[in-house]
There are 2 protein chains.
Amino acid sequence: MEQLDRFDREIIEIIQRNCQMKAEAMAEEVGLSASAVQRRLKRLREDGIIKGEVAIIDRKSSGHPMVFIVGMEIERDNYDALARFRLWAERQDHVQQVYYVTGQVDLIAIITARDVEHYDDIAAVLMAENPQIRRMHTNVVLRDIKLSLFVPMAK
Amino acid sequence: MEQLDRFDREIIEIIQRNCQMKAEAMAEEVGLSASAVQRRLKRLREDGIIKGEVAIIDRKSSGHPMVFIVGMEIERDNYDALARFRLWAERQDHVQQVYYVTGQVDLIAIITARDVEHYDDIAAVLMAENPQIRRMHTNVVLRDIKLSLFVPMAK
DNA sequence: CCTGAAAAGAACTTTCT
DNA sequence: AGAAAGTTCTTTTCAGG
């Protein structure tokens, strides 16, 4: 797993915006042949630099239009509280993102739900199945302002 | 834009996990022919139910390995503060996600950066260019526990 | 080792039933 | 909707920096 050159970095920025773009179109943008772009994409996938390629869907069409951002406090003396929560969260489709953070709370999660009652059910299950979680502070999302997982490439 | 049937919903769940999966493989999973799956994918894209298809990359390889979750308070008497912040955020590659929320803060943003100094620079520019932002509360992400934009499809 | 170009293979799109 | 023909894209191969 070596250094990424200018071409790799440009390809990574492009594919983070649209991973269905044809190799030939990318080739034109970065100044390589289509074969060279394909070879680099294959290597970036194998090396785990490209971790996955996914569709972003319209939440309103999904039947789970609501989003909640939840701060949680965990028991610090519980050594593997984090690892166990990770295993739990990984299996919950409603739990979109979880971050372990510094600050007032220990964990911040982004959770989708059908409606507020549904979120209340999810929160109850979360507390019941994760006794290491002491408290939850919920923010209701009223509107998405920006939504991506894009990461810029350092020059 | 009509109702989604069982096949559409299954296809949407699959493509949210892996949008490079071949139509034939999806067809086998859902119980349709490859042509039928392709036709449905085309329609889902045209109707905006599939909003985009993007690569998820390893942040550590990007040169912007750090993440900050930022709560912000805005001036409520400023009528179009939200709209103006949206336009600003849309242009900032470091600003990955922004949500307008209820609660202690008005906006929650997820921001990537090279390191803490870089984040400090970004925060300074944010405050300078968005006078409608009154205060920022920053959480440093120590570890990703789960990371996706997956939304489950209601049954 | 990595490129570009051409051949071979695979996938997608269109047409027809 | 499925199947087959037609088209486009990707993968492999090969010659050359």
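The model is predicted, and the values below are computed from its atoms. Chain A can be laid on chain B with an RMSD of 0.0 Å by a turn of 180° together with a shift of 0.0 Å along the axis, which is the relation of a two-fold axis. The two chains bury about 6,300 Å² between them, and residues from both chains surround DNA strand C as well as DNA strand D.

**How the two chains are related**

- Among the residues of chain A, the one that comes closest to the rotation axis is A:Val54, whose C-alpha lies at 2.8 Å.

**The interface between chain A and chain B**

- Chain A brings 63 residues to the contact, and chain B brings 63 residues to it.
- Of the area buried between chain A and chain B, about 6,300 Å², carbon and sulfur atoms give 61%.
- Across this interface the rule finds 46 residue pairs in polar contact, counting pairs with both residues at pLDDT 80 or more.
- Several elements of chain A each supply at least two residues of the side that touches chain B, including helix H1 (6-17), strand S1 (50-57), helix H4 (81-91) and strand S5 (133-147).
- S5(A) gives the most to this side of chain A, with nine residues.
- By class, the residues on the side of chain A that touches chain B divide into 32 nonpolar, 19 polar and 12 charged.

**Salt bridges**

- Side chains of opposite charge can pair when their charged atoms come close.
- A salt bridge joins the side chains of B:Asp93 and A:Arg17, with a distance of 3.1 Å from N to O.
- Within chain A, A:Arg6 forms a salt bridge with A:Glu10, and their closest N and O atoms are 2.6 Å apart.
- Both A:Arg6 and A:Glu10 lie in helix H1 of chain A, where they are four residues apart, or about one turn of the helix.

- The residues around DNA strand C include A:Leu32, A:Ser33 and A:Arg40 from chain A, and B:Lys22, B:Ala23 and B:Gln38 from chain B.
- Sugar and phosphate account for 65% of the atoms of DNA strand C that come within 4 Å of the protein.
- Helix H3 (34-46) of chain A and helix H3 (34-46) of chain B each supply at least two residues of the surface near DNA strand C, and H3(A) gives the most, with four residues.
- This surface near DNA strand C is made up of three nonpolar, three polar and four charged residues.
- A base nitrogen of DNA strand C lies 3.0 Å from a polar side-chain atom of A:Arg39.
- A sugar or linking oxygen of DNA strand C is 2.8 Å from an N or O atom in the side chain of B:Gln38, and a phosphate oxygen of DNA strand C is 3.3 Å from a polar backbone atom of B:Ala23.

**The surroundings of DNA strand D**

- Among the residues that surround DNA strand D are A:Lys22, A:Ala23 and A:Gln38 from chain A, together with B:Leu32, B:Ser33 and B:Arg40 from chain B.
- Sugar and phosphate account for 66% of the atoms of DNA strand D that come within 4 Å of the protein.
- Which helix supplies the largest share of the surface near DNA strand D? That share, four residues, comes from H3(B), and H3 of chain A and H3 of chain B each supply at least two residues.
- The surface near DNA strand D has three nonpolar, three polar and four charged residues.
- A polar side-chain atom of B:Arg39 lies 3.0 Å from a base nitrogen of DNA strand D, and an N or O atom in the side chain of B:Ser35 is 3.4 Å from a base nitrogen of DNA strand D.
- A polar backbone atom of A:Ala23 is 3.2 Å from a phosphate oxygen of DNA strand D.

Key
Residues are numbered from 1 along each chain as its sequence is written. Chains are lettered from A and ligands numbered from 1 in the order in which they are written. This is a predicted model: local features need pLDDT of at least 70, side-chain atom pairs count only at pLDDT 80 or more; totals for chains, interfaces and linings use all residues. Side-chain values use heavy atoms; hydrogens and water are left out. Copies are superposed by least squares on the C-alpha atoms of residues with pLDDT of at least 70 in both. A residue is near a molecule or strand if one of its heavy atoms lies within 4 Å of it. A polar contact is a pair of N or O atoms within 3.5 Å; within protein, one must be able to donate a hydrogen and the other to accept it, and residues adjacent in sequence count only if both atoms are side-chain atoms. Ala, Val, Leu, Ile, Met, Phe, Trp, Tyr, Cys and Pro count as nonpolar, Asp, Glu, Lys and Arg as charged, and the others, Gly among them, as polar. Contact means heavy atoms within 4.5 Å. Buried area is the accessible area (1.4 Å probe) that two parts lose on being put together, summed over both. A salt bridge is a side-chain nitrogen of Lys or Arg within 4 Å of a carboxyl oxygen of Asp or Glu.
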